[in-house]
Amino acid sequence: MKIKVVKEHRKRALELIDMAEQIVKEGDIELARRYVRLALTYSSKFRFKLPLVYKRKICRKCFVPLIPGLTERRRIKNKVIVRTCIYCGWVRRYPVKKTDKGG
Ligand SMILES: [Zn+2]
């Protein structure tokens, strides 16, 4: 029973982040932030972890979905991705994976 509830909220949280991504592309930053915040609330309330790929989709400081060229500045320096949130200046760095293409 409890596991089922957690599973449902986890699914919902991922959906919310996907939707937030779309919304931010349409220009509604505030609504997108609200969706992301709700997803993170689910994550802490129901104690599940968001997949890494989803965690990397959002700014952990101001909750904006990060979209390169739109809400995020992305640079690659010495095989390290440097991502900057254009709204709050939050910076995150991590190594480029071998499977990642481009630059
Ligand atoms: Zn931010």
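Helices (H or I, at least four residues) and strands (E, at least two) are taken here as DSSP runs, numbered from the N terminus. By that reading the protein chain, a predicted model, holds three helices and three strands, and its elements follow the order α-α-α-β-β-β from the N terminus on. This being a predicted model, local features need pLDDT of at least 70 and side-chain atom pairs count only at pLDDT 80 or more, while totals for chains, interfaces and linings use all residues. Residues are numbered from 1 along each chain as its sequence is written, and side-chain values use heavy atoms, with hydrogens and water left out.

The C-alpha trace of the protein chain spans about 50 × 30 × 20 Å along its principal axes. Of its 103 residues, 36% count as buried, a term that means under 20% relative accessible area with a 1.4 Å probe, protein chains only.

Attention may now turn to an annotated site. In an unreviewed entry, UniProt lists Cys 59, Cys 62, Cys 85 and Cys 88 under "binding site"; these residues, although spread over 30 residues of sequence, cluster in space, with a largest C-alpha distance of 8.8 Å. Such annotations may be inferred rather than shown by experiment.

Cys 59 lies in the loop between helix H3 (52–55) and strand S1 (72–77), and it counts as buried because its relative accessibility is 0%. Setting aside residues up to four places away in sequence, Cys 59 touches Val 64, Leu 66, Cys 85, Cys 88 and Trp 90, where contact means heavy atoms within 4.5 Å. Cys 62 also lies in the loop between H3 and S1 and, at 12% relative accessibility, counts as buried. Beyond its neighbours within four places in sequence, Cys 62 is in contact with Arg 33, Cys 85, Tyr 87 and Cys 88.

Methods: Buried < 20%, exposed > 50% of the residue type's maximum accessible area, 1.4 Å probe, protein only.
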